[in-house]
Each structure stands twice: as structure tokens, then as C-alpha cells.
Amino acid sequence: MRRKGELSPAGIDRGWPHQVVLPARFSQRGSGYQEIHEFCRDLSICSRGHAVFYDREWFHVYCFSDPADADKFLQRFGGEKFDPKQRGKGSNWARWNKPQAPYI
């Protein structure tokens with residue numbers, strides 16, 4: 001349930017479509033949280049993010065309005081780009097429906 005005035009997931013996807021995922025453990029260990037937020041201070045990051053679950057691991061999703069800012073974030077912290085269309089729906093809202101890499 002969303003509170004009055006709170007950004008909806010669709011609103012975030014429209015306004016901040018350039019999204020990057022990092023394993024949640026990176027922002028929880030030591031000063032990782034502070035380091036990420038200090039780095040993003042001057043970037044076009046959304047004030048509200050979300051998390052997704054994939055392969056028994058949680059990931060934080062960082063959303064940017066400027067693709068260059070998303071690229072800076074990727075270069076600094078790693079992670080990978082996230083397509084909002086891969087987020088689960090309904091009761092599976094936190095599932096990351098990530099396509100499997102083809103076997104070679």
C-alpha cells in the first residue's frame with residue numbers, strides 16, 4: 001500500500017528509468033551504505049529505491065534519471081543494469097525475473 005504523496009513504482013520507472021542493481025550485502029557491510037549515498041549526492045538518483053530477490057539473494061535497485069549517472073554508479077560500484085520490466089507483479093513484486101544466460 002502506498003501512502004499519499006509517495007512515489008509509485010510506475011512513477012519511479014517513468015522518472016528514473018536508468019536502474020542499477022547491487023547485491024544488498026554491499027550496502028549493508030561496514031560503511032558501504034554511507035559510501036554509496038555520499039557518492040550519489042550530486043547524481044540524479046531517486047529518493048526512493050526498492051529491492052528485488054533473485055537466486056536466493058536480495059539486490060538493491062538504484063534509480064537514476066540521467067543515463068550518465070547510472071554509468072558512473074556502475075563504474076564505481078559494479079553491479080548490473082536492471083530493466084524494470086523484469087520486476088515481478090502482484091504478490092511476487094520482489095521477484096527479479098532475470099533472463100538466464102545462454103549456455104555456450
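This section covers the pockets, nonpolar cores and cysteines of a predicted model.

Residues are numbered from 1 along each chain as its sequence is written, and side-chain values use heavy atoms, with hydrogens and water left out. Local features need pLDDT of at least 70, side-chain atom pairs count only at pLDDT 80 or more, and totals for chains, interfaces and linings use all residues.

The largest pocket holds about 190 Å³ of space. Thirteen residues line this pocket; His 37, Ile 45, Cys 46, Gly 49 and Tyr 62 are the closest to its centre. A pocket here is an open set of points on a 1 Å grid over the protein atoms alone, where a 1.4 Å probe fits, with protein on both sides within 12 Å along at least five of seven lines; lining residues have an atom within 4 Å of a point. Grid points are joined across faces, edges and corners, and a volume is the space filled by probe spheres set on the points. Helix H3 (32-39) and strand E3 (57-64) each supply at least two lining residues. E3 gives the most, with four. Helices (H or I, at least four residues) and strands (E, at least two) are DSSP runs, numbered from the N terminus. The lining has seven nonpolar, five polar and one charged residues.

The second largest pocket holds about 150 Å³. Its lining includes Pro 9, Ile 12, Arg 48, Gly 49, Arg 87 and Trp 93. Helix H1 (9-15) and strand E2 (50-54) each supply at least two lining residues.

The largest nonpolar core has eleven residues, among them Val 20, Ile 36, Cys 40, Tyr 62 and Phe 73. Strand E1 (18-23), E3 and helix H4 (67-77) each give two or more residues to this core. H4 gives the most, with four. Such a core is a set of buried Ala, Val, Leu, Ile, Met, Phe, Trp, Tyr and Cys residues joined through side-chain atoms within 4.5 Å. Buried means under 20% relative accessible area (1.4 Å probe, protein chains only). Ile 36 touches Leu 22, Ser 27, Tyr 62, Phe 73 and Phe 77 (heavy atoms within 4.5 Å), not counting residues up to four places away in sequence. Apart from this core lies another, of ten residues, including Val 21, Val 52, Cys 63 and Phe 82.

The structure holds zero disulfides (pairs of cysteine sulfur atoms within 2.5 Å). For Cys 40, the nearest cysteine sulfur, that of Cys 63, is 11 Å away. Cys 40 counts as buried, at 3% relative accessibility. The sulfur of Cys 46 lies 5.8 Å from that of Cys 63, its closest cysteine sulfur, too far for a bond. Cys 46 is also buried, at 7%.

Technical notes. Nonpolar A, V, L, I, M, F, W, Y, C, P; charged D, E, K, R; others polar. Buried < 20%, exposed > 50% of the residue type's maximum accessible area, 1.4 Å probe, protein only.
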